[in-house]
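Please examine the sequence and the three-dimensional structure shown here before reading on. The explanation refers to residues and elements that may be located in both.

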Amino acid sequence: MALTVKQVASIAGVSVRALHHYDEIGLLRPSGRSSAGYRLYSEADLSRLQQVLFFRALEFPLQEICRIMRDPQFDIGASLRMQRQLLSEKAVQLQSLLAAVDAAIARLESERPMTPEEMKQMFDGFDPSEHEAEAEARWGHTEAFRESKQRTARYGKGDWQQIKDEAAAIFERLGALMTAGAPPDSPAAMDAAEAHRQHIDRWFYPCSPAFHRGLGRLYVDDPRFTANIDKTTPGLAAYAAAAFAANAERAKSPT
(Lines give C-alpha, C1' and ligand atoms only; values in the text may rest on other atoms or scores of the structure.)
Protein backbone atom coordinates (compact mmCIF):
# COMPACT_ATOMS: atom_id res chain seq x y z
CA MET A 1 0.00 0.00 0.00
CA ALA A 2 1.32 3.43 -0.96
CA LEU A 3 -0.69 6.56 -0.28
CA THR A 4 -0.03 10.09 -1.42
CA VAL A 5 0.25 12.95 1.04
CA LYS A 6 -3.23 14.17 0.07
CA GLN A 7 -4.73 10.73 0.66
CA VAL A 8 -3.06 10.45 4.07
CA ALA A 9 -4.20 13.95 5.01
CA SER A 10 -7.78 13.03 4.09
CA ILE A 11 -7.71 9.73 5.98
CA ALA A 12 -6.07 11.10 9.13
CA GLY A 13 -7.84 14.45 9.21
CA VAL A 14 -4.64 16.47 9.20
CA SER A 15 -3.40 19.11 6.80
CA VAL A 16 -0.92 18.47 4.01
CA ARG A 17 1.16 21.25 5.51
CA ALA A 18 1.34 19.38 8.84
CA LEU A 19 2.53 16.21 7.09
CA HIS A 20 5.19 18.20 5.26
CA HIS A 21 6.30 19.67 8.60
CA TYR A 22 6.46 16.25 10.26
CA ASP A 23 8.69 15.12 7.41
CA GLU A 24 10.94 18.16 7.67
CA ILE A 25 11.58 17.68 11.41
CA GLY A 26 12.11 13.94 11.05
CA LEU A 27 9.04 12.96 13.01
CA LEU A 28 7.23 11.18 10.17
CA ARG A 29 9.20 10.63 7.01
CA PRO A 30 7.36 8.75 4.23
CA SER A 31 8.77 5.35 3.34
CA GLY A 32 8.85 6.04 -0.36
CA ARG A 33 8.73 8.48 -3.19
CA SER A 34 7.03 8.33 -6.54
CA SER A 35 8.98 8.56 -9.78
CA ALA A 36 8.06 12.23 -9.79
CA GLY A 37 9.46 12.68 -6.27
CA TYR A 38 6.12 12.85 -4.42
CA ARG A 39 5.83 11.44 -0.91
CA LEU A 40 4.33 7.95 -0.56
CA TYR A 41 3.21 6.59 2.80
CA SER A 42 3.06 2.94 3.83
CA GLU A 43 0.85 1.18 6.38
CA ALA A 44 3.70 1.45 8.90
CA ASP A 45 3.86 5.19 8.26
CA LEU A 46 0.15 5.46 9.02
CA SER A 47 0.67 3.57 12.28
CA ARG A 48 3.43 6.00 13.22
CA LEU A 49 1.20 8.95 12.29
CA GLN A 50 -1.48 7.54 14.55
CA GLN A 51 1.02 7.58 17.40
CA VAL A 52 1.87 11.20 16.64
CA LEU A 53 -1.81 12.18 16.65
CA PHE A 54 -2.45 10.36 19.92
CA PHE A 55 0.39 12.28 21.54
CA ARG A 56 -0.88 15.54 20.03
CA ALA A 57 -4.34 14.83 21.45
CA LEU A 58 -2.65 14.53 24.82
CA GLU A 59 -1.07 17.95 24.19
CA PHE A 60 2.51 16.70 23.97
CA PRO A 61 4.78 19.27 22.27
CA LEU A 62 6.18 18.17 18.91
CA GLN A 63 9.72 18.34 20.30
CA GLU A 64 8.77 15.90 23.07
CA ILE A 65 7.01 13.59 20.60
CA CYS A 66 10.14 13.56 18.44
CA ARG A 67 12.27 12.67 21.46
CA ILE A 68 9.96 9.83 22.50
CA MET A 69 9.50 8.31 19.06
CA ARG A 70 13.16 8.56 18.07
CA ASP A 71 14.20 6.60 21.14
CA PRO A 72 15.59 3.21 20.04
CA GLN A 73 13.63 1.60 22.88
CA PHE A 74 10.34 3.07 21.65
CA ASP A 75 7.62 0.39 21.72
CA ILE A 76 4.28 1.01 20.04
CA GLY A 77 2.40 -1.41 22.30
CA ALA A 78 3.77 0.14 25.48
CA SER A 79 3.10 3.59 24.05
CA LEU A 80 -0.51 2.72 23.31
CA ARG A 81 -1.07 1.45 26.84
CA MET A 82 0.47 4.60 28.27
CA GLN A 83 -1.63 6.77 25.97
CA ARG A 84 -4.77 4.92 27.00
CA GLN A 85 -4.02 5.55 30.67
CA LEU A 86 -3.41 9.24 30.02
CA LEU A 87 -6.56 9.54 27.95
CA SER A 88 -8.59 7.84 30.70
CA GLU A 89 -7.29 10.37 33.22
CA LYS A 90 -8.04 13.19 30.82
CA ALA A 91 -11.55 11.82 30.29
CA VAL A 92 -12.18 12.01 34.04
CA GLN A 93 -10.94 15.61 34.09
CA LEU A 94 -13.10 16.49 31.08
CA GLN A 95 -16.12 14.88 32.71
CA SER A 96 -15.58 17.07 35.75
CA LEU A 97 -15.23 20.12 33.53
CA LEU A 98 -18.37 19.12 31.65
CA ALA A 99 -20.29 18.90 34.92
CA ALA A 100 -18.97 22.33 35.90
CA VAL A 101 -20.01 23.77 32.54
CA ASP A 102 -23.48 22.23 32.89
CA ALA A 103 -23.80 23.78 36.33
CA ALA A 104 -22.70 27.15 34.95
CA ILE A 105 -25.23 26.88 32.14
CA ALA A 106 -27.95 26.02 34.63
CA ARG A 107 -27.04 29.05 36.72
CA LEU A 108 -26.99 31.27 33.66
CA GLU A 109 -30.35 30.00 32.44
CA SER A 110 -31.86 30.42 35.89
CA GLU A 111 -30.89 34.09 35.75
CA ARG A 112 -32.39 34.80 32.34
CA PRO A 113 -35.68 36.70 32.26
CA MET A 114 -38.65 34.35 32.25
CA THR A 115 -41.13 34.28 29.42
CA PRO A 116 -44.80 35.06 30.13
CA GLU A 117 -45.64 31.38 29.61
CA GLU A 118 -42.97 30.27 32.11
CA MET A 119 -44.27 32.89 34.53
CA LYS A 120 -47.81 31.54 34.29
CA GLN A 121 -46.58 27.98 34.80
CA MET A 122 -44.63 28.97 37.91
CA PHE A 123 -47.55 30.90 39.39
CA ASP A 124 -50.18 28.26 38.57
CA GLY A 125 -51.73 30.12 35.65
CA PHE A 126 -51.56 33.58 37.23
CA ASP A 127 -49.03 35.91 35.62
CA PRO A 128 -47.81 38.47 38.20
CA SER A 129 -46.37 40.56 35.36
CA GLU A 130 -49.97 41.54 34.58
CA HIS A 131 -49.72 43.66 37.75
CA GLU A 132 -47.64 46.08 35.69
CA ALA A 133 -50.61 46.85 33.46
CA GLU A 134 -52.86 47.28 36.45
CA ALA A 135 -50.34 49.51 38.22
CA GLU A 136 -49.91 51.61 35.12
CA ALA A 137 -53.66 51.98 34.72
CA ARG A 138 -54.09 53.05 38.35
CA TRP A 139 -50.98 55.14 38.99
CA GLY A 140 -49.67 56.01 35.55
CA HIS A 141 -46.00 56.31 34.71
CA THR A 142 -44.82 56.93 38.25
CA GLU A 143 -41.32 56.40 39.55
CA ALA A 144 -42.54 53.28 41.37
CA PHE A 145 -43.84 51.82 38.12
CA ARG A 146 -40.57 52.52 36.28
CA GLU A 147 -38.57 51.07 39.17
CA SER A 148 -40.61 47.86 39.07
CA LYS A 149 -40.03 47.49 35.33
CA GLN A 150 -36.29 47.90 35.75
CA ARG A 151 -35.98 45.47 38.65
CA THR A 152 -38.15 42.66 37.30
CA ALA A 153 -36.43 42.77 33.90
CA ARG A 154 -33.30 41.44 35.63
CA TYR A 155 -34.97 38.60 37.51
CA GLY A 156 -34.41 35.00 36.52
CA LYS A 157 -36.25 31.85 37.48
CA GLY A 158 -34.45 31.57 40.82
CA ASP A 159 -35.46 35.10 41.76
CA TRP A 160 -39.10 34.54 40.84
CA GLN A 161 -39.15 31.28 42.79
CA GLN A 162 -37.94 33.13 45.88
CA ILE A 163 -40.51 35.88 45.33
CA LYS A 164 -43.25 33.29 45.01
CA ASP A 165 -42.16 31.41 48.14
CA GLU A 166 -41.90 34.56 50.24
CA ALA A 167 -45.31 35.86 49.12
CA ALA A 168 -46.91 32.46 49.73
CA ALA A 169 -45.52 32.35 53.26
CA ILE A 170 -46.88 35.83 54.02
CA PHE A 171 -50.36 35.06 52.68
CA GLU A 172 -50.33 31.75 54.52
CA ARG A 173 -49.58 33.72 57.67
CA LEU A 174 -52.44 36.14 56.96
CA GLY A 175 -54.76 33.23 56.16
CA ALA A 176 -53.96 31.53 59.44
CA LEU A 177 -54.70 34.74 61.34
CA MET A 178 -57.99 35.20 59.51
CA THR A 179 -59.01 31.59 60.20
CA ALA A 180 -58.11 32.03 63.86
CA GLY A 181 -60.41 35.05 64.06
CA ALA A 182 -57.75 37.74 64.50
CA PRO A 183 -59.09 41.14 63.35
CA PRO A 184 -57.25 42.66 60.35
CA ASP A 185 -56.24 45.59 62.57
CA SER A 186 -54.74 43.32 65.22
CA PRO A 187 -50.99 43.71 65.81
CA ALA A 188 -50.30 40.26 64.38
CA ALA A 189 -52.25 40.96 61.17
CA MET A 190 -50.65 44.38 60.75
CA ASP A 191 -47.21 42.84 61.28
CA ALA A 192 -47.95 40.34 58.51
CA ALA A 193 -49.13 43.21 56.33
CA GLU A 194 -45.89 45.06 57.06
CA ALA A 195 -43.93 41.95 56.05
CA HIS A 196 -45.77 42.01 52.71
CA ARG A 197 -45.08 45.73 52.26
CA GLN A 198 -41.38 45.13 52.83
CA HIS A 199 -41.50 42.18 50.41
CA ILE A 200 -42.89 44.49 47.69
CA ASP A 201 -40.40 47.20 48.62
CA ARG A 202 -37.48 44.80 48.37
CA TRP A 203 -38.42 43.08 45.12
CA PHE A 204 -40.47 45.55 43.07
CA TYR A 205 -40.46 49.24 44.00
CA PRO A 206 -40.29 51.59 46.99
CA CYS A 207 -43.62 50.82 48.64
CA SER A 208 -44.86 53.37 51.14
CA PRO A 209 -47.65 52.38 53.55
CA ALA A 210 -50.06 54.56 51.57
CA PHE A 211 -49.04 52.93 48.30
CA HIS A 212 -49.40 49.53 49.97
CA ARG A 213 -52.96 50.43 50.97
CA GLY A 214 -53.69 51.10 47.28
CA LEU A 215 -52.22 47.74 46.36
CA GLY A 216 -54.59 46.11 48.82
CA ARG A 217 -57.54 47.82 47.11
CA LEU A 218 -56.30 46.41 43.79
CA TYR A 219 -56.37 42.91 45.29
CA VAL A 220 -60.06 43.41 46.11
CA ASP A 221 -61.18 45.42 43.07
CA ASP A 222 -59.58 43.21 40.45
CA PRO A 223 -61.31 39.79 40.32
CA ARG A 224 -58.18 38.14 38.91
CA PHE A 225 -56.11 39.10 41.95
CA THR A 226 -59.00 38.25 44.27
CA ALA A 227 -59.47 34.80 42.75
CA ASN A 228 -55.76 34.03 42.92
CA ILE A 229 -55.37 35.14 46.56
CA ASP A 230 -58.60 33.46 47.65
CA LYS A 231 -57.68 30.10 46.08
CA THR A 232 -56.67 28.49 49.34
CA THR A 233 -58.52 30.70 51.82
CA PRO A 234 -61.78 32.34 50.63
CA GLY A 235 -62.00 35.95 51.75
CA LEU A 236 -58.24 36.32 52.19
CA ALA A 237 -57.90 39.12 49.61
CA ALA A 238 -60.35 41.31 51.50
CA TYR A 239 -58.73 40.43 54.82
CA ALA A 240 -55.28 41.28 53.46
CA ALA A 241 -56.53 44.58 52.04
CA ALA A 242 -58.00 45.49 55.42
CA ALA A 243 -54.74 44.55 57.16
CA PHE A 244 -52.76 46.64 54.65
CA ALA A 245 -55.05 49.63 55.35
CA ALA A 246 -54.76 49.16 59.12
CA ASN A 247 -50.97 48.94 58.84
CA ALA A 248 -50.92 52.16 56.80
CA GLU A 249 -52.93 53.89 59.52
CA ARG A 250 -50.58 52.54 62.17
CA ALA A 251 -47.64 54.01 60.24
CA LYS A 252 -49.23 57.46 60.57
CA SER A 253 -49.38 57.21 64.37
CA PRO A 254 -46.40 58.52 66.35
CA THR A 255 -44.41 55.81 68.07
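The paragraphs below treat the overall composition, the sheet, the nonpolar cores and the salt bridges in turn.

The structure is a predicted model, in which local features need pLDDT of at least 70 and side-chain atom pairs count only at pLDDT 80 or more, while totals for chains, interfaces and linings use all residues. Residues are numbered from 1 along each chain as its sequence is written, and side-chain values use heavy atoms, with hydrogens and water left out.

The chain contains 13 helices and three strands; helices (H or I, at least four residues) and strands (E, at least two) are DSSP runs, numbered from the N terminus. Of its 255 residues, 36% count as buried, where buried means under 20% relative accessible area, exposed over 50%, and partly exposed in between (1.4 Å probe, protein chains only). The accessible surface of the chain is about 14,900 Å², and carbon and sulfur atoms hold 56% of this area; the areas come from the Shrake-Rupley method with a 1.4 Å probe, and for residues only the protein chains shown count as cover. Among the contacts in the chain with a separation of 6 or more, 63% are between residues 24 or more positions apart, a contact being heavy atoms within 4.5 Å.

The three strands make up an open sheet in the order 1-3-2, with antiparallel pairing; two strands pair if DSSP finds at least two bridges between them. Its edge strands are strand 1 (3–4) and strand 2 (32–33), each of which pairs on one side only. Strand 2 is joined by two bridges to strand 3 (residues 39–41), and these strands run antiparallel. In this pairing, G32 stands opposite L40 of strand 3.

P30 is located in the loop between helix 2 (16–24) and strand 2. With a relative accessibility of 14%, P30 counts as buried. Leaving aside residues up to four places away in sequence, P30 touches D23, R39, L40, Y41 and D45. P30 and Y41 are eleven residues apart along the chain, and their C-alpha atoms are separated by 4.9 Å. Charged residues are also linked here: D23, R29, R33 and R39 belong to a network of salt bridges.

The largest nonpolar core has 28 residues, and those with the most contacts inside it are F171, L174, F204, Y205, Y219 and Y239. Such a core is a set of buried Ala, Val, Leu, Ile, Met, Phe, Trp, Tyr and Cys residues joined through side-chain atoms within 4.5 Å. Two or more residues of this core come from each of helix 9, helix 10, helix 11, helix 12 (223–229) and helix 13. Another core, of 21 residues, lies apart from it and includes V5, V8, L28 and L49.

Helix 11 (residues 209–221) has 13 residues and reaches 18 Å from its first C-alpha to its last, close to the 18 Å expected at 1.5 Å a residue; the expected span is 1.5 Å times one less than the number of residues. The buried residues of helix 11 are F211, H212, G214, L215, G216, L218 and Y219.

E59 forms one with K90, the closest N and O atoms being 3.8 Å apart. E59 lies in the loop between helix 3 (43–57) and helix 4 (62–70) and K90 in helix 5 (residues 76–111), so the pair ties together parts that are 31 residues apart in sequence. E59 is exposed, at 63% relative accessible area, whereas K90 is partly exposed, at 23%. Most residues other than glycine have a negative phi.

A salt bridge also connects E166 and R202, whose closest N and O atoms are 2.7 Å apart. E166 lies in helix 9 (residues 157–179) and R202 in helix 10 (residues 187–203), so this pair ties together parts that are 36 residues apart in sequence. R202 counts as partly exposed, at 47% relative accessibility.

E249 and K252 form a salt bridge with closest N and O atoms 3.2 Å apart. These two residues are three residues apart in helix 13 (residues 236–252) and are therefore separated by about one helical turn. E249 counts as partly exposed at 38% relative accessibility, and K252 as exposed at 60%.

Key:
Salt bridge = Lys/Arg side-chain N within 4 Å of Asp/Glu carboxyl O.
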